[in-house]
Amino acid sequence: MKSLSGSRGRNIAGKHNSRYSVTLAVVLLVFSSVPTVATAEWLGATRAQMGTEVRVYLWHENKEHASLAAEAVFTEIARIEALMSTYKEDSEISAVNRDAAMSGVPVGDELYELVVRSLDISVLTRGAFDITYDSVGQHYDFRAGEHPDEDTLRASLPKIDYRLVKPRASDRSIRFLAAGVRINLGGIAKGYAVERGVAILRQLGISNAIVTAGGDSRLLGDRRGQPWVVGIQNPRADDEVTLRIPLVDEAVSTSGDYERYFMEDGKRYHHIISPVTGEPANGVQSATIVGPDAVMTDALSTSVFVMGVDSGLRLIATLPDYEGIVIDADGRMFYSDGLRPPAAE
């Protein structure tokens with residue numbers, strides 16, 4: 001395993017000693033083996049939501065209360081999906097995409113604040129994270145194996161620019177400065193959803209849980225005296241785990257080129273679009289970010305994937321509460337400083 005060239009030689013026992021009970025290693029445990037039915041005081045449940053699999057796994061003394069708490073999470077995530085899905089014609093974000101080029105579209109506080117936060121992250125990442133990627137992204141169909149032709153790409157690419165999105169606080173509205181701009185919160189909404197799910201569980205008296213939506217997980221507490229162990233998938237081998245990370249009360253997000261993709265003439269077309277080219281970002285197979293807030297880990301995993309190993313991990317080095325693991329195009333693994341494995345003696 002490789003470390004980032006030129007980075008400070010700090011291992012896990014340093015910066016994150018209070019969060020990690022063992023050093024990073026390949027561990028032969030499979031997270032998918034977590035039960036999906038109630039056993040003793042643990043309860044697991046799974047549902048298809050937000051275009052992925054949402055999973056809730058929690059502990060409580062009362063099984064009935066645990067079941068109601070899990071259902072409350074699914075209800076909350078369904079509510080978020082109804083607001084933020086571009087596939088739902090009656091969602092708030094669909095109304096923005098239809099009308100914001102003509103005039104400001106008033107939206108609820110929740111969507112407004114998440115759009116504003118997304119734009120702030122665009123500034124932080126110098127445009128690597130950009131919710132206007134859908135100006136081109138709408139022309140990809142990964143199930144049908146379709147991508148935009150050169151003329152479509154050329155016409156749509158200038159519309160990928162977060163600076164064309166103008167929120168106005170006075171009436172909580174969103175306006176686009178050009179026709180053809182579209183926004184999509186696919187790089188941040190699942191992180192927001194699992195963060196909200198854990199907030200619901202906390203309100204209901206749950207102290208130990210994990211809520212997962214696709215590549216985004218939010219952990220609540222620990223696993224009854226033991227850390228949660230979260231796996232990083234091998235990007236080139238289905239059902240194979242490359243790395244396991246023990247975590248307590250953290251969020252973890254992975255963006256990978258294996259999640260939604262198709263192959264054409266030896267080229268992998270995947271869903272993580274570079275705002276610079278309008279085409280799938282290359283140079284990285286997956287990027288995983290660990291930190292206290294799933295909204296940020298979700299957005300940062302996308303950003304680091306787009307930025308690449310060196311620029312991405314330099315960004316993470318500026319964020320004290322966040323760490324990253326990046327697998328490059330050749331399958332080599334790179335760590336941010338706080339997650340570097342101990343040097344061989």
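**A tour of rings and helices**

Begin by selecting Arg 268 and Tyr 261, where the charged end of the arginine sits over the tyrosine ring, 4.2 Å from its centre; a charge sits over a ring if NZ of Lys or CZ of Arg is within 6 Å of the ring centre and within 35 degrees of the ring normal. This is a predicted model, in which local features need pLDDT of at least 70 and side-chain atom pairs count only at pLDDT 80 or more, while totals for chains, interfaces and linings use all residues. Residues are numbered from 1 along each chain as its sequence is written, and side-chain values use heavy atoms, with hydrogens and water left out.

Select Arg 163 next, whose charged end sits over the ring of Tyr 162, 5.4 Å from its centre.

Trp 42 and Tyr 57 form a stacked pair, 5.0 Å centre to centre with 10 degrees between the planes. This pair links distant parts of the chain, with Trp 42 in strand 1 (residues 42-49) and Tyr 57 in strand 2 (residues 52-59), 15 residues apart; strands (E, at least two residues) and helices (H or I, at least four) are DSSP runs, numbered from the N terminus.

Trp 228 belongs to strand 8 (residues 228-233), 186 residues apart from Trp 42. Trp 42 counts as buried because its relative accessibility is 14%, where buried means under 20% relative accessible area, exposed over 50% and partly exposed in between (1.4 Å probe, protein chains only). Tyr 57, at 4%, is buried, and so is Trp 228, at 1%.

For the next stop, display Tyr 140, Phe 142, Phe 262 and Tyr 269, which ring pairs link into a cluster.

Finally, select helix 2 (residues 63-84) and helix 7 (residues 189-203), whose axes come within 9 Å and cross at roughly 145 degrees; axes are lines fitted to C-alpha atoms, for helices over the stretch in contact, and angles run from 0 to 180 degrees between N-to-C directions.

Definitions and conventions:
Rings of Phe, Tyr and Trp (its six-membered ring) pair if their centres lie within 6.5 Å; planes under 30 degrees apart count as stacked, over 60 as edge-to-face and the rest as tilted.
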